[in-house]
Amino acid sequence: MKIVVCVKIVRDEINPFDACALECALQQTDAHTVVLCMGPSGCEKELKRLSRLGVNRVLLLSDPSFAGSDTLATSRILSCALKKLKPDLVLCGRQSIDGDTAQVGPSLAATLGYSLVPYIIKFSTDICQTRSGSVPLALPAVCTIERINTLRFPSFRSKPVPIEIWNRDALEIEPERCGIAGSPTRVLQVFESKAERRSCQFIPRAELDSLVASLRNRVKETFVEDPVSLPVVRLKHVLAIGPGVVPSAESIAERVTEIPQLSALEIVDCIKAEQPDAVLWSADFWGRTIAPQVAVHLQTGLCADCTRLETDGNKLFMYRPASGDNVMAKIECRTRPAMATVRGKNHTAELVVACGHGAKARLKQIRLWSDALGALRGASRGLVDDRFAPYEEQVGLTGQSLSPHLYVAIGISGAVQHMCGVVNAAWIVAINPDKNARIFDYADYGILDYF
């Protein structure tokens, strides 16, 4: 069996999800394993380390024309290499930690015509355990892997295999299909996120219980701008697919058509028949799996996990957290229809107590306290990735969006990727010993202490 593992080098290290995919491949002792990476020449140092793990071949796709590729262009370039390699199985991490889109794996499957098994939590070449149940592996296939293992270290005596570099000519791909020229989505602006900032009042740790009891019964007054005074410019027609998407579609469209959760090809037919200006998808597992495949079939752009949408009546402008801790990006799609997965409000709860990586040493104590209050549990991505909490508790860009009356964040730094999941909370209380933690910019009350 030939297995190709697609990896991304982020900040000079293999993307953690891709590391898990590579370990899954290395555990198949009778397989011919190829590491495939797209990136600049600076990736070679980390690829050299990976080449000592027992892989058979390492390929780096590198060319100046590849710079600035969005997910569709990246998938197109990777697919050109994969068609030459003709693997039985392609393994990818679920997503990269700098982009969080989770689009490349499904896009590769659609481009190659391979079956897709996403969100694998237990890998096998026979039957894979995914977040939605057991799925037989029908080759050829593309699989996306969760954080389910730890990548081995090179042995002391292992020797690297040569790194082969393929440029655009080797892939036989036209320059207009690569990089910025071949990318239907374009970042228009990157800026610091200042939305939803609050004025934080610091209190002693001893006042936490009384504050929580008080806020649970306190109504927060909010200012609502007169909608009559706001100019309303809308797109003519938008399709809404998936739960919780219709309100977002109605905010930007004169006419909204809701279509059911069908297969990728069936949805392609619907879109071709309806000819909408834009298509909005739910940012859940289903939407993040099907939408990239539809984007490939339509050769249109897709922006993932949007927290805000705007339109000038002709174009759709999409906002999402970027790679920085507190950075937002404004993105446009240069093709029709524009497509985006959007954040819906998944849960409305009275009280949520969420823990971050900084609270893992006191997790048992915090959970006893929150359970006694009847609170819904939440967690940061870091806590989930380290397997201290299940994914179902994850809050934020790649987790659930909440609109609780009271949100208590313990040991959470306050990155925009997390806070975009709780912007609709009436009250936010933050507990963190670091007085410079960004969470306090978003909190109504703060406690400079451990729990």
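Where does Glu172 lie?

1. Glu172 is found in the loop between helix H5 (168-171) and strand E12 (185-192), where helices (H or I, at least four residues) and strands (E, at least two) are DSSP runs, numbered from the N terminus. This residue has a positive phi of about 55° although it is not a glycine. Its relative accessibility is 63%, so Glu172 counts as exposed; here buried means under 20% relative accessible area, exposed over 50%, and partly exposed in between (1.4 Å probe, protein chains only).

2. A word on the basis of these notes: this is a predicted model, in which local features need pLDDT of at least 70 and side-chain atom pairs count only at pLDDT 80 or more, while totals for chains, interfaces and linings use all residues. Residues are numbered from 1 along each chain as its sequence is written, and side-chain values use heavy atoms, with hydrogens and water left out.

3. Tyr119, which is in strand E7, likewise has a positive phi of about 55° without being a glycine. Tyr119 is buried, with a relative accessible area of 6%. Gln129, in strand E8 (residues 127-130), has Tyr119, Ile120, Ile121, Lys122 and Ser134 as its contacts once neighbours within four places in sequence are left aside, contact meaning heavy atoms within 4.5 Å. Gln129 itself counts as partly exposed at 29% relative accessibility.

4. An open sheet of 9 strands, with mixed pairing, runs in the order E9-E8-E7-E10-E6-E1-E4-E5-E11; two strands pair if DSSP finds at least two bridges between them. Strand E9 (133-136) and strand E11 (163-166) are its edges, each pairing on one side only. On average, neighbouring strands of this sheet are turned by 30° against each other, direction ignored. Within the sheet, strand E6 (residues 89-93) and strand E10 (residues 141-145) pair in the parallel sense over 5 bridges, and Leu91 stands opposite Cys143 in E10. Helix H3 (residues 71-85) packs on the sheet and touches strand E1 (2-7), strand E4 (32-38), strand E5 (57-61), E6 and E11, its direction making about 150° with that of E4; axes are lines fitted to C-alpha atoms, for helices over the stretch in contact, and angles run from 0 to 180 degrees between N-to-C directions.

5. Helix H4 (residues 104-112) is mostly covered, with 7 of its 9 residues buried, namely Gly105, Pro106, Ser107, Leu108, Ala109, Ala110 and Leu112. The cover over these buried residues includes E1, H3, E6, strand E7 (115-122), E10 and H9. Just after H4, Gly113 takes a positive phi of about 75°.

6. The axes of H4 and helix H9 (residues 285-298) come within 8 Å and cross at roughly 45°. The two helices are therefore oblique to each other, given that angles under 35 degrees count as roughly parallel, over 145 as roughly antiparallel, 65 to 115 as roughly perpendicular and the rest as oblique. Pro106, Ser107, Ala110 and Thr111 in H4 meet Arg288, Thr289, Pro292, Gln293, Val296 and His297 in H9. The residues of this contact divide into 4 nonpolar, 5 polar and 1 charged, with Ala, Val, Leu, Ile, Met, Phe, Trp, Tyr, Cys and Pro counted as nonpolar, Asp, Glu, Lys and Arg as charged, and the others, Gly among them, as polar.

7. H9 also packs against helix H8 (residues 264-274): the axes of H8 and H9 come within 9 Å and cross at roughly 60°, and these helices are therefore oblique to each other. The contact of H8 with H9 has 9 nonpolar, 2 polar and 1 charged residues.

8. In strand E21 (residues 338-342), 5 of the 5 residues are buried, so the strand is largely enclosed by the rest of the structure. Ala338, Ala340 and Val342 point one way from E21, and Met339 and Thr341 the other way. Strand E16 (residues 278-282) runs parallel to E21 and is joined to it by 5 bridges, with Thr341 as the bridge partner of Trp281. Strand E17 (residues 302-306) is also parallel to E21, over 3 bridges, and Leu302 has Met339 as its bridge partner there.

9. Cis peptide bonds also deserve a look. The bond from Leu139 to Pro140 is cis, with omega near -5°, and Pro140 lies in the loop between E9 and E10. A cis peptide bond also joins Arg336 and Pro337, with omega about -5°; Pro337 is in the loop between strand E20 (327-333) and E21.
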